Amino acid sequence: MAIGKLQTKKPAPINPNLNPNPNATSKVWLFSLLLTMQYGAQPLISKRFTSREVIVTSSVLACELVKVICALFLLAKDGSLRKVFKEWTLVGSLTASGLPAAIYALQNSLLQISYKNLDSLTFSMLNQTKLFFTAFFTYMILRQKQSIQQIGALFILIIAAVLLSVGEGSSKASSAKNPDEILFYGIVPVLVASVLSGLASALCQWASQVKKHASYLMTVEMSIIGSLCLLASAYKSPDGLAIRELGFFHGWTTWTWIPVILNAVGGILVGLLTTYAGGVRKGFVIVSALLVTALLQFVFDGIPPSPFCLVALPLVATSISIYQKYPYRVKKKES
């Protein structure tokens, strides 16, 4: 019965290019701008306010807790908290949020394996393939097509991302001298992680746009499920041992909460942007954020942007303009 409803209903994805509502369009641009600034500033803020003694797992769990608190507050503020939890079911939660959360957890593990066996430049370039996989799974799951111009814009965006990666340079050599190890423990994991990233992004978009699962509720559910996965994996990990021996807040100061809260706000913005514009738009935000990071590094650290960054800047602007201006349009059938 549920399948029949999905087949007959087929609600159109919320796309700012096709949505005549100017309020929705302004929200998309606002969320995109805020998320770009958050992504761009996060590395510098984390570097300044997070001590090296801080246990990574503790900061991640604290971030998930802050996300849950913020999302619950926003649900209460718009008056939907009681209604949302009254209609909440475990099956619905696992369907909408459980699978994407588990996929993201697996993706993060694969990225950690890959990063240890690839140089930073190769890793960064292969990691950009998630933009294509996001567009692919968005089409396969939501039947959301891209115009020829939008596909071209994605190519331009990936070229810009590669240029930005080249600008960073290779900061570490490959630790695996055996070519087979580089392939199976470096290249394959990052490509599989990119596929999983695209799949999880499309599933989140499906849950929010088709199943009408509230964005804030998804944030709460995915944070809790993700935290449980992290706790399970950290039980016998070095971080888990460090927390038991040194304490959860080892190395923390009051300033440590700044990057934690900022990262949590970014997580909520990701959910809102996915709901209003879809997962592909997030790819544009991530690449644009690399330019923001380069600018902030120049302003605060005196590190000038590389020539590659200067070339990538107009490419990013061009790709965003093309993707926004030439959406896919359904051809009307003549009666």
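Phe132 is partly exposed, with 30% relative accessible area. Phe155 is also partly exposed, at 48%. This is a predicted model. A search of the whole structure turns up 9 aromatic pairs. Phe132 and Phe155 make one of them, in an edge-to-face arrangement. Phe132 belongs to helix α7 (residues 130-142) and Phe155 to helix α8 (residues 148-168), so the pair ties together parts that are 23 residues apart in sequence.

## Other rings

Ring pairs also join four residues into a cluster: Phe248, Phe249, Trp252 and Trp257.

Two arginines lie over ring faces. Arg244 is over the face of Tyr235, at 5.3 Å from the ring centre. Arg281 is over the face of Trp29, at 5.3 Å from the ring centre.

## Overall fold

The chain has 14 helices and 0 strands. Read from the N terminus, its elements run α-α-α-α-α-α-α-α-α-α-α-α-α-α. The chain has 335 residues, and 43% of them count as buried.

Gln150 is one of the residues of helix α8. Gln150 is buried, with a relative accessible area of 1%. Tyr326 is 176 residues from Gln150 along the chain, yet their C-alpha atoms are separated by 6.6 Å.

## Salt bridges

How many salt bridges does the structure hold? There are 2. Asp301 forms one with Arg48, with the closest N and O atoms 2.5 Å apart. Asp301 lies in helix α13 (residues 279-301) and Arg48 in helix α2 (residues 22-49), so this pair ties together parts that are 253 residues apart in sequence. Asp301 is partly exposed, at 33% relative accessibility. Arg48 is partly exposed as well, at 43%.

Lys67 forms a salt bridge with Glu64. Here the closest N and O atoms are 3.4 Å apart. Both residues lie in helix α3 (residues 56-77). Lys67 and Glu64 are 3 residues apart, about one turn of the helix. Are these two residues buried or exposed? Lys67 is buried, and Glu64 is buried too.

## A nonpolar surface patch

Six residues are listed in a nonpolar patch on the surface: Ile113, Leu183, Phe184, Tyr185, Val188 and Val192. Together they have about 520 Å² of accessible area.

Which helix gives the most to the patch? Helix α9 (residues 179-209) does, with 5 residues. Tyr185 is found in this helix, α9.

## Cysteines

The structure holds 0 disulfides. The cut-off for a disulfide is 2.5 Å between the sulfur atoms.

Cys70 counts as partly exposed, at 24% relative accessibility. Cys309, by contrast, is buried, with a relative accessible area of 8%.

## Loop residues with positive phi

Most residues other than glycine have a negative phi. Two residues call for a look at the backbone here.

Arg143 is not a glycine, yet has a positive phi of about 55°. Where is Arg143 placed? Arg143 sits in the loop between α7 and α8. Arg143 is exposed, with a relative accessible area of 52%.

Lys212 is not a glycine either, and has a positive phi of about 60°. Lys212 sits in the loop between α9 and α10 (215-234). Lys212 is partly exposed, with a relative accessible area of 48%.

Note on methods:
Residues are numbered from 1 along each chain as its sequence is written. This is a predicted model: local features need pLDDT of at least 70, side-chain atom pairs count only at pLDDT 80 or more; totals for chains, interfaces and linings use all residues. Side-chain values use heavy atoms; hydrogens and water are left out. Buried means under 20% relative accessible area, exposed over 50%, partly exposed in between (1.4 Å probe, protein chains only). Patches are made of residues with over 30% relative accessible area and no salt bridge: like charges are joined within 9 Å, nonpolar side chains (Val, Leu, Ile, Met, Phe, Trp, Tyr) within 5 Å. Accessible areas come from the Shrake-Rupley method with a 1.4 Å probe; for residues, only the protein chains shown count as cover. A salt bridge is a side-chain nitrogen of Lys or Arg within 4 Å of a carboxyl oxygen of Asp or Glu. Helices (H or I, at least four residues) and strands (E, at least two) are DSSP runs, numbered from the N terminus. Rings of Phe, Tyr and Trp (its six-membered ring) pair if their centres lie within 6.5 Å; planes under 30 degrees apart count as stacked, over 60 as edge-to-face and the rest as tilted. A charge sits over a ring if NZ of Lys or CZ of Arg is within 6 Å of the ring centre and within 35 degrees of the ring normal.
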